[in-house]
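Please consider the model shown below.

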Amino acid sequence: HDGFDADTWARMAEAGWLSARVPEAQGGLGLGTADAAAIMVEAGRAGAADPLITGCFVPSAILSQLSTSAASQALAAFAEGGPPFALALQDKPLDLRDEMLSFDILGAGENVLFLAQVDGALSIRMMKRPKGCPAPLADGTPLDSCAVDAGALRQARSLGDGPSCSEQWAAGMREGAMLVSA
């Protein structure tokens, strides 16, 4: 995707930055938010902070709270230097009963995380970036909303289900907002 520098991402993986917030049980360093803030300061000095928040730290904060094998597998693959994540920007869970859904995607990652309402239950899901969604700007800012058939979203891999998903999503977003200020 435009705006994503694979060489910079690889150097951040080598330095251990990508696995900083991934729990040790999933192959990460298991560092805290203060450590992530210190990494953000250094990344900012190098001009490489943008993909860390949306592609790394927020998804790690969300997924590390989920106690499913699917979430653990996603985190472990990421900690090994996998591609960055992206996040669906949403005011409320995506209601998968709708026929078409529109939302912005923040970040250049190929694996998009989103919070969904599925048959009355909350779910955090992961899908490949939908075809036809605009490429983000170099800083990860979405260019426009994506319109996606809800059927494709229903097929997305569930990483966690239940009423706590909303709070887990919100906690990850709060951490991202705090790291932006670092």
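The model is predicted, so local features require pLDDT of at least 70 and side-chain atom pairs pLDDT 80 or more, whereas totals for chains, interfaces and linings use all residues. Residues are numbered from 1 along each chain as its sequence is written, and side-chain values use heavy atoms, without hydrogens and water.

Helix α2 covers residues 33–45; helices (H or I, at least four residues) and strands (E, at least two) are DSSP runs numbered from the N terminus. Its 13 residues reach 19 Å from first C-alpha to last, close to the expected 18 Å, which is 1.5 Å times one less than the number of residues. Ala36, Ala37, Ile39, Met40 and Ala43 of α2 are buried (under 20% relative accessible area with a 1.4 Å probe, protein chains only; exposed is over 50%). Because these buried residues fall within an arc of 160° seen down the axis of α2, they line one face of the helix; the arc is taken from the directions from the helix axis to the C-beta atoms. The face turned away from that buried side carries exposed Ala34 and Arg45.

Strand β3 gives the largest share of its lining, three residues. Leu101 and Phe103 are among the lining residues, as are Asp91 and Lys92.

Note on methods. On a 1 Å grid over the protein atoms alone, a cavity is a set of points where a 1.4 Å probe fits but cannot get out, and a pocket is an open set with protein on both sides within 12 Å along at least five of seven lines; lining residues have an atom within 4 Å of a point.
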